[in-house]
Amino acid sequence: MLVEFFLCLRKHRVPCTLRELLDLINALKKQVIFADVDAFYTLSRLILVKDEVHYDKFDRAFAEYFDNVQSVDLFDESIPENWLRKEFEKHLSAAEKAQLEAMGGLEKLLETLKERLKEQQKRHAGGNKWVGTGGTSPFGAYGYNPEGIRIGQDGNRSFRAVKVWDKREFRNFDADTEMGTRNMKLALRKLRKFARTGASDELDLDKTIQFTAQNAGMLDIHMRPERHNAVNVLVFFDVGGSMDEHIQSVESLFSAMHSEFKHLEFFYFHNCIYEGVWKDNKRRYKESVDVMEVLNHYGRGYKVIFVGDATMGPYEITYPGGSVEHQNQESGQVWMNRVLNHFDKSIWLNPQPEQYWSYHHSIGIIKSLMSDNMFPLTLDGISQGIKQLT
Amino acid sequence: MKFTGTDSYIANKDLQLAVNAAIILEKPLLIKGEPGTGKTMLAEELAKVLGTDLIQWHIKSTTKAQQGLYEYDAVSRLRDSQLGDKKVYDIANYIIKGKMWQAFTAEKRVVLLIDEIDKADIEFPNDLLLELDKMEFYVNETRERIVAKQRPIVIITSNNEKELPDAFLRRCFFHYIQFPTVDEMQSIIDVHYPNVKQKLVKQALEVFFATRDVNGLKKKPSTSELLDWLKLLMVEDISPEYLHDKHSKGGLMPMFGALLKNEQDVSLLEKLAFMSRR
């Protein structure tokens with residue numbers, strides 16, 4: 001049973017491994033919990049999921065798996081019958097109640113249910129029976145289990161109309177959703193390249209010892225520079241026009257990047273890269289910077305990130321003079337290729353949701369220009385993109 | 001040995017189960033959550049309940065994994081050698097035990113807190129894989145193997161600043177402390193300030209959770225800030241009615257400095273308050 005549960009989790013792309021499954025089995029063996037679905041939920045999440053980002057996927061997988069197998073231990077002595085009845089009525093609409101009356105009232109229905117369950121108990125030694133939803137029993141028709149009500153085995157025998165895993169409290173953590181600055185920073189942090197450059201101001205103890213020893217005990221001090229993140233990033237932001245609706249996500253990306261990278265340079269462009277980009281959006285017509293100059297100034301080691309929706313007329317990319325703002329001598333495509341050929345690694349982050357990409361011809365063109373290195377501006381997309389850059 | 005929270009620390013069911021599972025199965029427990037939800041407190045309280053020592057290892061950006069095991073003080077040995085000290089012939093005199101060594105060789109099963117592991121270098125957790133897994137390590141200088149007498153209860157906290165490597169995560173149990181609900185918050189306050197007026201608490205909680213719900217706050221106030229704020233309210237003897245008036249008519253809450261730690265947040269709330277007044 002656990003193996004199937006495990007496979008179900010894998011199907012929902014919760015990253016869990018065999019080792020964790022073995023841990024879970026071990027935990028059950030040691031009786032950390034006993035016959036308690038809620039506790040099992042917590043325990044399995046504790047052991048199998050290692051990041052709150054995956055909690056939502058886990059919840060969904062758990063719901064899928066346990067909707068099919070629901071433990072029912074009805075009519076144990078400790079369930080007061082009138083309380084059970086009240087619980088039933090809560091879930092019935094007026095029409096259903098009327099229908100119920102026609103069937104001989106709830107009294108009778110409960111009676112039948114009780115008998116039915118007793119029969120099952122006899123046939124299945126042990127007393128628990130996995131009851132599925134649906135089927136031909138009259139109980140299904142009267143809303144006995146439309147929302148998967150469980151009569152569980154915890155101490156207080158409580159019903160819970162909505163189970164923990166159905167609440168999906170961790171939906172916000174799911175990596176596929178768009179996120180705030182903090183989380184973007186997290187994603188960007190992966191882009192790191194430690195290097196020792198600059199002034200030597202740290203005592204290199206190992207080397208000092210080694211050389212002192214070789215010097216027969218005479219002190220021979222060696223220094224080295226401190227380590228720091230030496231990654232250089234160059235960002236091109238698309239501004240204006242269709243980008244206006246994505247302003248918030250781009251802003252948070254911008255502030256996340258700003259605090260994350262020491263060596264960060266950014267330029268603005270509109271729709272597609274042509275011969276000029278600019279640093280200050282207010283003075284864009286006066287103070288544009290030649291792209292050729294940019295290419296000459298920044299070495300090929302810079303990691304390049306384009307941020308833009310790439311939503312425009314296809315001619316803006318492919319034809320000279322296609323720009324909506326000015327008469328460009330060479331097509332955007334030529335300029336894009338120039339930039340891409342200069343730098344080793346580059347990606348395009350697109351705030352447009354990925355499922356709409358196929359409806360815009362221009363996105364397809366840019367994507368192929370980027371040799372498919374286009375990622376959605378979501379936490380997941382950024383992570384993937386950063387992986388591509390490193 | 002079962003952990004159910006203490007007089008001064010409220011742990012919900014999930015957290016209790018997580019801690020107990022980690023104790024029984026002898027696995028490190030990785031705790032994440034918003035700042036101020038009591039991650040570090042957990043280890044302190046756990047040690048108190050179990051009546052054992054707490055060994056705290058606070059991680060900084062410069063901390064190396066090796067420092068948790070042992071350090072070899074080469075410089076003082078060098079100095080001693082030039083002074084002709086007899087000590088110098090035994091290398092063991094210059095081995096300084098780290099926190100993990102202390103935890104491994106303690107008489108009782110101790111609680112080892114590795115605090116804010118995400119502050120360290122990205123490779124830091126990877127360097128501890130074997131030590132956490134097998135609870136043993138090898139001292140190169142003296143050629144001795146240090147094996148844990150009994151596996152310490154390891155609590156690791158993280159603020160999510162860096163992603164931890166998969167191999168490390170696979171060796172831990174993971175629990176995310178969610179922000180307390182209103183009821184849980186109520187019982188946390190009861191534990192800390194048993195004599196506070198209930199009316200004031202109710203009002204304060206209302207203001208607190210409303211503040212947390214404001215969109216765009218840079219730093220949402222958390223439990224520890226709420227407790228500080230309540231204390232201030234009590235000291236200043238602010239009446240629940242006054243608090244209520246302030247809140248419903250618009251205006252910053254009294255003593256807002258305890259809740260909001262960022263001037264942009266203060267000005268944001270001021271603006272909102274101003275808008276609701278009109």
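Okay, housekeeping. Residues are numbered from 1 along each chain as its sequence is written, while chains are lettered from A and ligands numbered from 1 in the order in which they are written. Since the model is predicted, local features need pLDDT of at least 70, side-chain atom pairs count only at pLDDT 80 or more, and totals for chains, interfaces and linings use all residues; side-chain values use heavy atoms, with hydrogens and water left out.

Let's start with chain A, at helix α1, residues 2–11. Helices here are DSSP runs of H or I with at least four residues, strands are runs of E with at least two, and both are numbered from the N terminus. Which residues of α1 are buried? They are A:Leu2, A:Phe5, A:Phe6, A:Cys8 and A:Leu9; buried means under 20% relative accessible area, exposed over 50%, and partly exposed in between, with a 1.4 Å probe and protein chains only. Looking down the axis of α1(A), those buried residues fall within an arc of 160°, so they line one face of the helix. (The arc is taken from the directions from the helix axis to the C-beta atoms.) Turned away from that side are the exposed A:Glu4, A:Leu7 and A:Lys11. Just past the helix, A:Arg13 has a positive phi of about 60°.

Now jump to α16(A), residues 361–369. Here A:Ser362, A:Ile363, A:Ile365, A:Ile366 and A:Leu369 are buried, and they line one face, because they fall within an arc of 160° seen down the axis. On the other side, A:His361 and A:Ser368 are exposed. What do the buried residues of α16(A) pack against? That would be α14, α15, β10 and β11 of chain A, with contact meaning heavy atoms within 4.5 Å. Just after this helix, A:Ser371 takes a positive phi of about 45°.

Over to chain B, which has 13 helices and nine strands. Of its 278 residues, 49% count as buried.

The pair to look at is α10(B), residues 198–213, and α11(B), residues 223–235. Their axes come within 11 Å and cross at roughly 135°; axes are lines fitted to C-alpha atoms, for helices over the stretch in contact, and angles run from 0 to 180 degrees between N-to-C directions. Who touches whom? From α10(B), B:Leu200, B:Ala204, B:Leu205, B:Val207 and B:Phe208 meet B:Leu226, B:Trp229, B:Leu230, B:Leu233 and B:Met234 in α11(B).
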